[in-house]
Amino acid sequence: MNEKEEIAINVEHVTKKFKVYYDKPNTLKERIVFWKNNKAEERTVLKDINLKIKKGETVALIGVNGSGKSTLLKLMTKIIYPTKGKIITKGKLTSLLELGAGFHDDFTGRENIYFNASIFGLTKSEIDERLDDIIAFSELEEFIDNPVRTYSSGMYMRLAFSVAINVKADILLIDEILAVGDQHFQDKCFKKLEELKHSDKTIVIVSHSLDSIRNLCNRAIWIQDGNIKRDGKTNQVIDQYLKENK
Amino acid sequence: MQLVKNLYSYRELLKSNVKKEIRGKYKGSFLGVLWSFLNPLLMVAVYAIVFPYIMRVKTDNYLIFLIIGVIPWTFFTTVMTQGMITIRMNAGIIKKVYFPREILPISVAVSGLVNFLISCIIILLFCIFGGVGVSIHLLLLPVIALIEFLLVLGLIFAFGAINIYVKDTEYIVQFIINMLFYGTPILYTKELFPEKIRWILNLNPMTHIIDGYRDIFLYHQMPSIQSFLFMIGTTLLILFLGICIFRKLEKGFAEEL
């Protein structure tokens, strides 16, 4: 068995530092005149993280606010880049960091499906193929040709989630969005994620709803202060996490 | 090579972005897209009145001469102005989704190119009805247009990216463009420029590009080989530098914005 080929996400010695400006210099003048004041505090958010996620795994990242989970997820999607180290991902990647990125309020739901899916790197014919699935999943058939500014926030989210979930990427990165829409739609999303889990998709979820993680993930990684505190079976990691964070 | 492959797989995004650029710019105005053709024509009208009558410039076919200068120049400046700010304008999606960031400046340049090629119909109409006529040399139009496209693309790659870090770039470049308008033979022929410093004019790639357009539209002749080589050389150099700067700086976009 070739183990190396099976790794979908490989995080090698990744350190991420952010510069925190008290008063960020935006113009040349400010940079020159106030160069002494441009002290930026460096904050290390992730410290030498090593992580291998195998193809087909469903992994949860847990930890308190500000522990660096979302930063790690953003690094995986290549929105930001590590200060040190590297991250190698294999296969098409979709991130659901914030739903509805790139939605235009004046365009119709249908037009926005095209626009949003093209941001995820789909071609026209691929979107055509999936259009019916996306609309059916969102249950917005009656409203699909209305501008999205007329949508309620729940409808907006449903549409966005349906697009993202139907991109059919190999790797799916999800940040705290399991609470989409009403109970009925949430259950549906959950079922869809269950279904994806049993296919060979790799899923990484950042979430605070530990109960859903218990059901969904077979591995959990606990991040604390930029370090991996524990990595292992979901239930064991969560039990310890709950005990220590009481 | 990786870049080309990446861009190819995101071609749908490029397409919808170009559409948005073209449609979005004059959205809400009464005449809409027509403005992108009306604008240079009005500019030409002003110069055509000011220069022959007030400044007493005497050049044959001055009106057509002007149009062939102003329309390619409009292509250059519109793309420059929009390209400088496109990354800042799209801060929202840059912070949320990964996609090849190069798409943004490229769509600005492509929409400019499309606009320019349509505007060339105006030039042609003026040539035909202004008694200048057309010739086989027009076959070179796509070549020169492509060179101008790549040149301006290289520039907005570089300055658009720098502008994220130092916002003054936008204003400095805007000033240089305004100055360059007079440093390019748009309103006058090269021969009117003092001979001693004419070499400065020749350092400007836009000089060669505009002269090139005039050769094929107005004078019905091949642009000189030196001129051609200079255009291609500087364009490739600027494009290469632009891509290098952009690739170096794009990693910080999401954090700086």
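Two strands are said to pair if DSSP finds at least two bridges between them. Helices (H or I, at least four residues) and strands (E, at least two) are themselves DSSP runs, numbered from the N terminus. The model examined here is predicted, so local features need pLDDT of at least 70 and side-chain atom pairs count only at pLDDT 80 or more, while totals for chains, interfaces and linings use all residues. Residues are numbered from 1 along each chain as its sequence is written, and chains are lettered from A and ligands numbered from 1 in the order in which they are written.

We can begin with confidence. The predictor gives the complex an ipTM of 0.79 and a pTM of 0.87.

Chain A holds eight helices and nine strands, and its C-alpha trace spans about 60 × 55 × 40 Å along its principal axes. Of its 246 residues, 40% count as buried. A residue is buried if 20 or more other C-beta atoms, placed from the backbone, lie within 10 Å of its own; it is exposed if 12 or fewer do, and partly exposed in between.

Five of its five residues are buried, so β6(A) is largely enclosed by the rest of the structure. Ile171(A), Leu173(A) and Asp175(A) point one way from the strand, and Leu172(A) and Ile174(A) point the other way. On β6(A), four bridges make the link to strand β5 (residues 93-96) of chain A, and the two run parallel; here Leu172(A) is the bridge partner of Thr94(A). Another five bridges join β6(A) to strand β7 (residues 202-206) of chain A, again in parallel, with Val204(A) as the partner of Leu173(A).

In chain B, helix α11 (residues 225-249) has 25 residues. Its expected span, 1.5 Å times one less than its number of residues, is 36 Å, which agrees with the 36 Å between its end C-alpha atoms. Its buried residues are Met231(B), Thr235(B), Gly242(B), Phe246(B) and Leu249(B), and they pack against α7 (141-165) and α10 (205-219) of chain B.

Finally, the two chains meet. Residues are in contact if their C-beta atoms, placed from the backbone, lie within 7 Å, and the contact takes 21 residues from chain A and 18 residues from chain B. Helix α3 (residues 109-119) of chain A gives the most to the side of chain A that touches chain B, with four residues.

Technical notes
Two residues are in contact if their C-beta atoms, placed from the backbone, lie within 7 Å.
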